[in-house]
Amino acid sequence: MNLSKLIEETAVDLLRLAVIELPIDIKQALKKAAQLETSEIGKMEIEAITENIKLAEQLKRPVCQDTGLIIFNLDVGDEFGSVAGISEALIRATKKGTASIPLRPNSVHPITRKNTGDNTGVKIPYISWNPVKGDYLQITVFPKGAGSENMSALSMIKPGEGLVGVKKFVLDTVICAGGQSCPPLIVGVGIGGTCDLALKLAKLALLRPLNKHHFEPVIAQLEKDLLEAINSTGIGPMGLGGRITALGVNIEYAHCHTASLPVGVNLQCWAARRATARIFRDGRVKFVSHKNPI
Amino acid sequence: MSTYKLKTPISEEAVRNLHVGDIIYISGTILTARDQAHQRAVNFHNQGKPLPLNLEGMVIFHSGPLVQRKDRKWEIGAAGPTTSSRMEPFQAEFIEAFKPRIIIGKGGMGARTAEALKKFGAVYCEFTGGAAVLAARSVRHVKDVKWLNLGLPEALWLLEVEEFGPLFVTMDSHGGNLYNQIAEKVEQAKLIAYKKLGIIF
């Protein structure tokens, strides 16, 4: 078995799966949103979204033309074996997937804006390594669109402002984004840590399925309260008014310095694309987020 | 709120007839243009250089489509709208210089664009963000492409479309602006949400 080839092929399958078919929890949340939305224009927007999701699956085309900047989140088991060559395999997968799926080439030099044409570049795809216990390598592909990413924000709140400051910042960030991040949104919130960790946690929070609240009741309650507040603003689908501005609020936290309270908010449009598979040491591949690879 | 089916090229009279809340479907040709295309077009105009296409009566779509070359023909796989506010620095000059009648995007545009819509007779419409396959479905074929050196997403794609929509008229040529209406309501709702969250008392 050529492990590097297996990782490459699995990553291409995951990229295809992620951009074409949304995870079941997102589809369920949109279905519920369609029932709860009362504004006429908001209803039409959710109908267009639902129709688009169906068409993408039928025609095997990416659900949105912005197929994102490619992120790979890796959980590497301590008994998986060597990690040599994994990065290279994922870079090859990105190039291959860009040509064959196809993906829109989105990766440009930050200053010259020259497009590399294959979605790779310096530190891109972004590969995040997380060591875990186990005999597998879990790959999550997370193509992140720019519309929602552009409205993300960090605040170094004064610890004295506490929870009230956190709530205000999250709500204000969503209000400031208005329709620009393609609501209904998923709002990822990272509380604590350092400035970079807060944003990283906010992004990780977006990978948690919508039907799972945080395991700590106090955080789960905060998720519920913020969702209710966001949905009372009237921003609505696509910002054209309505009840459903967000499908969910997911929070992750880390302990932080006694003098700090960083809060990161990472917004995700309704096209919340992610796909996960586990590759075991013996070469078995198990798709975790979707039933079958496309 | 009315529904209109429009054919390109579109007259100033036809867009003056449109109001916020109307829904339209467009048949004919539309042109994609994003940040760099807008910037280059405005620069060309300022330098007295002609554009490769006449844009009068035209529909401009803020979109960076996903394009594939098949059997020496271009095919559009997905083509949803991109965030229009990025084009705000150029849009008013663009409308004045080239007289397009309909701008399609998402998220709305600023005060200078709103003024240009009024002054020169054009409307801004929103297509559902992310609904890129739905948008691509009404593209019959790619008629032409210019400025390919800007990269595939930024190039000017001239698309033949049939009943492209639904498009929501959100900024009209009479000063009507759905984003401003929503923003006012959100501002009021925000205070109630602040109270509920214990941010203010």
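This is a predicted model: local features need pLDDT of at least 70, side-chain atom pairs count only at pLDDT 80 or more; totals for chains, interfaces and linings use all residues.

Next I asked which helices chain A brings to chain B. I listed α3 (40-59), α6 (162-177) and α8 (217-230) of chain A, each supplying at least two residues of the side that touches chain B. The most comes from α3(A), which gives 11 residues. I then sorted that side of chain A by class and got 23 nonpolar, 12 polar and 11 charged residues.

I turned to the extent of the interface. I counted 46 residues of chain A in contact with 45 residues of chain B. The buried area came to about 3600 Å², with carbon and sulfur atoms giving 67% of that area.

Salt bridges were my next stop. The rule finds two across the interface of chain A and chain B. I looked up Glu51(A) with Arg137(B), whose side chains meet in a salt bridge at 3.6 Å, N to O.

Last, I looked inside chain B. Helices α3 (residues 88-98) and α4 (residues 111-120) of chain B pack with their axes 8 Å apart, at an angle of about 10°. That angle is under 35 degrees, so I wrote down α3(B) and α4(B) as roughly parallel to each other. Among the residues making this contact are Ala92(B) and Ile95(B) of α3(B), and Ala116(B) and Leu117(B) of α4(B). By class, I have seven nonpolar, two polar and four charged residues in the contact of α3(B) with α4(B).

Definitions and conventions
Residues are numbered from 1 along each chain as its sequence is written. Chains are lettered from A and ligands numbered from 1 in the order in which they are written. Side-chain values use heavy atoms; hydrogens and water are left out. Contact means heavy atoms within 4.5 Å. Buried area is the accessible area (1.4 Å probe) that two parts lose on being put together, summed over both. A salt bridge is a side-chain nitrogen of Lys or Arg within 4 Å of a carboxyl oxygen of Asp or Glu. Helices (H or I, at least four residues) and strands (E, at least two) are DSSP runs, numbered from the N terminus. Ala, Val, Leu, Ile, Met, Phe, Trp, Tyr, Cys and Pro count as nonpolar, Asp, Glu, Lys and Arg as charged, and the others, Gly among them, as polar. Axes are lines fitted to C-alpha atoms, for helices over the stretch in contact, and angles run from 0 to 180 degrees between N-to-C directions. Angles under 35 degrees count as roughly parallel, over 145 as roughly antiparallel, 65 to 115 as roughly perpendicular and the rest as oblique.
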